[in-house]
Amino acid sequence: MSHQEKIAVVAGSTGLVGSRLLALLATAPEYSRVVALARRPLTATSAKVERRDANFEHLETLLADLADAGDRLDVYCCLGTTLRAAGARAAFRRVDHDYVLAIARWAERVEARRFLSISALGADARSRVFYNRVKGETERALQSSDLRSLVIARPSLLEGDRAHMRLGEQLTLLATRPLRNLIPARVRPIGADDVAAALLLAARDVAPPSIMANASMQGAALRLARTS
């Protein structure tokens, strides 16, 4: 299999990390096609990037042409919302749990080469915090699947411009910015560019870690630039 034959599918390609990942994939030499599942216009412009309306209830039809591409296929899941944006717990869970598992089940059925998904620091299926519990339940379901290769990224608070940010997140970023280098890397806020770069580097790794901790992703954008 030549590098030029690989295909990437990106779910959540217009979000904070997803949009940055899409820009990286658009110039990554190993991918000849990048299929972006999105409900909004894309910011990345490239002849090899193809936008398809995200419909997680009908993935078999939406991605029918990729059913036999398993060995050449990397699936990136950057889906995620906030309770504020979702408007209700059920709506939040639909995006961060149900839709993530829907794209994972599709990747499993077509025997995709690798499935890479963004979770969160603190994900715990037993947590009393609703956000962390949903993230943990999603991770647990992914880990019990039959995906050929699974990589889960657990970033801390994400830095970057985005449409929906909780007031608490804004205040935390402002308060910690002057002390950034004093905060342990395992919990330090992380740039969306670093998370996106870490996902691409993991897709390139012959044997990537099953869990990418926040500390290991710090500085990934610089590491990726040095290898390009």
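Helices (H or I, at least four residues) and strands (E, at least two) are DSSP runs, numbered from the N terminus. The model is predicted, so local features need pLDDT of at least 70 and side-chain atom pairs count only at pLDDT 80 or more, while totals for chains, interfaces and linings use all residues. Residues are numbered from 1 along each chain as its sequence is written, and side-chain values use heavy atoms, with hydrogens and water left out.

- Helix α4 covers residues 89-109, and its 21 residues should span 30 Å at 1.5 Å a residue; the end C-alpha atoms are 29 Å apart, which agrees. The expected span of a helix is 1.5 Å times one less than its number of residues.
- A kink of about 30° in α4 is centred on Val95. The bend at a residue is the angle between axes fitted to the seven residues ending there and the seven starting there.
- Several residues of α4 are buried, among them Phe92, Asp96, Tyr99, Val100 and Trp106. Buried means under 20% relative accessible area, exposed over 50%, and partly exposed in between (1.4 Å probe, protein chains only).
- Glu111 lies in the loop between α4 and β5. Glu111 has a positive phi of about 60° although it is not a glycine.
- Most residues other than glycine have a negative phi.
- Glu111 counts as exposed because its relative accessibility is 53%.

**The cavity**

- Rolling a probe the size of a water molecule over the atoms shows where empty space is left.
- A search of the whole structure finds 1 cavity of 30 Å³ or more. On a 1 Å grid over the protein atoms alone, a cavity is a set of points where a 1.4 Å probe fits but cannot get out, and lining residues have an atom within 4 Å of a point.
- The largest cavity holds about 70 Å³ of space. Grid points are joined across faces, edges and corners, and a volume is the space filled by probe spheres set on the points.
- The lining of the largest cavity includes Asp96, Val100, Ser117, Lys135 and Glu139.
- At least two lining residues come from each of α4, β5 (114-118) and α5 (130-143), and α5 gives the most, with 4 residues.
- By type, the lining has 5 nonpolar, 3 polar and 3 charged residues. Ala, Val, Leu, Ile, Met, Phe, Trp, Tyr, Cys and Pro count as nonpolar, Asp, Glu, Lys and Arg as charged, and the others, Gly among them, as polar.

**Salt bridges**

- The structure holds 15 salt bridges. A salt bridge is a side-chain nitrogen of Lys or Arg within 4 Å of a carboxyl oxygen of Asp or Glu.
- Lys6 and Asp74 form a salt bridge through their side chains (3.1 Å, N to O). This pair links distant parts of the chain, with Lys6 in strand β1 (residues 6-11) and Asp74 in strand β4 (residues 73-77), 68 residues apart.
- Lys6 counts as buried because its relative accessibility is 5%, and Asp74 counts as buried because its value is 0%.
- Glu139 forms a salt bridge with Arg154, whose closest N and O atoms are 2.6 Å apart. Glu139 lies in helix α5 and Arg154 in strand β6 (residues 150-154), so the pair ties together parts that are 15 residues apart in sequence.
- Glu139 is buried at 4% relative accessibility, whereas Arg154 is partly exposed at 25%.
- Arg33, Glu50, Arg52 and Asp65 are linked in a network of salt bridges.

Note on methods
1 Å grid on protein atoms, 1.4 Å probe; cavity = no way out; pocket = protein on both sides within 12 Å on 5 of 7 lines; lining within 4 Å.
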